[in-house]
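Me: Hi! Could you walk me through the aromatic pairs and the nonpolar core in this one?

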Amino acid sequence: MAGLLEHGSLKFLDLLSDDVKAALESVERRLTYEDGQMIYSAGDDDQRLMIVRSGAVKMGRISPEGLETILAVFGEGHFIGLMSVMVGRKREQNAVAVGKTVIGYIQHSEFNALMDVYPEIARAALPATLSRLKAALNMVDDLRRLPLAAYTAVFLHSMLESTEVPGVIPWSQSDLAVAVGASRVSIGKALKQLEADGLIVLKYRAIEVPDAQALADWIDAARAEHLSS
């Protein structure tokens with residue numbers, strides 16, 4: 001799995017001026033992780049802010065039965081762990097490197113000190129966080145109302161803006177099943193339906209979306225249908 005799953009959320013670094021970016025870099029300690037390496041586990045007591053400098057970080061959970069759920073895959077420019085920094089909470093998900101990944105760590109005390117000097121940091125952190133909240137609420141709404149094929153289409157469309165090859169999502173059907181929270185068989189049927197409707201093309205460990213606007217229009221129609229039903 002190499003594709004990102006950022007749900008349209010804003011990148012923290014994109015919202016900062018060059019001066020503030022430089023101030024953050026001056027207090028960072030950077031560590032490099034190999035593909036698949038655990039960065040932290042749920043329950044860890046770590047109050048450092050993490051900034052993804054390169055590569056990507058898969059956020060997820062493992063159920064008591066050993067089933068994995070992928071919540072997001074954040075790429076370069078995103079922050080992770082703001083709640084731990086601001087209110088001292090323990091880590092609530094597992095974080096795993098996707099590809100070779102570089103993380104910049106900022107200590108709790110240093111981050112708070114920088115916010116006092118640069119109020120711009122707090123002004124950037126707020127919309128970045130709210131964009132994730134908005135995405136989460138939309139996902140919950142879609143999950144409650146949409147059939148699996150439409151919910152899967154929403155996932156696929158949200159991933160298009162961050163693909164390296166336009167229109168090609170480098171996820172296997174198994175990876176997508178974990179992210180959507182469905183069985184491999186169920187996700188296979190949903191994808192076949194989307195392919196039969198001409199919205200996607202299934203490839204080896206990848207899914208192609210020939211026309212992003214057509215997929216978006218199909219999703220809007222599905223939402224309208226199930227909102228009124």
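**Aromatic pairs and core**

Reply: Happy to! Tyr151 is buried, at 6% relative accessible area (buried means under 20% relative accessible area, exposed over 50%, partly exposed in between, with a 1.4 Å probe and protein chains only). This is a predicted model, where local features need pLDDT of at least 70, side-chain atom pairs count only at pLDDT 80 or more, and totals for chains, interfaces and linings use all residues. Residues are numbered from 1 along each chain as its sequence is written, and side-chain values use heavy atoms, leaving out hydrogens and water.

Me: How many aromatic pairs are there?

Reply: Two. Rings of Phe, Tyr and Trp (its six-membered ring) pair if their centres lie within 6.5 Å; planes under 30 degrees apart are stacked, over 60 edge-to-face and the rest tilted. Phe12 and Phe79 make a tilted pair, 4.8 Å centre to centre with 50 degrees between the planes.

Me: And which pair is edge-to-face?

Reply: Tyr151 with Phe155, at 5.3 Å and 70 degrees. Both lie in helix H5, four residues apart (helices, H or I, of at least four residues and strands, E, of at least two are DSSP runs, numbered from the N terminus).

Me: Switching topic: which residues touch the most other members of the largest nonpolar core?

Reply: Leu5, Leu156, Trp171, Leu176 and Ile200, out of 30 residues. Such a core is a set of buried Ala, Val, Leu, Ile, Met, Phe, Trp, Tyr and Cys residues joined through side-chain atoms within 4.5 Å.

Me: Which element gives the largest share?

Reply: H5, with seven residues.
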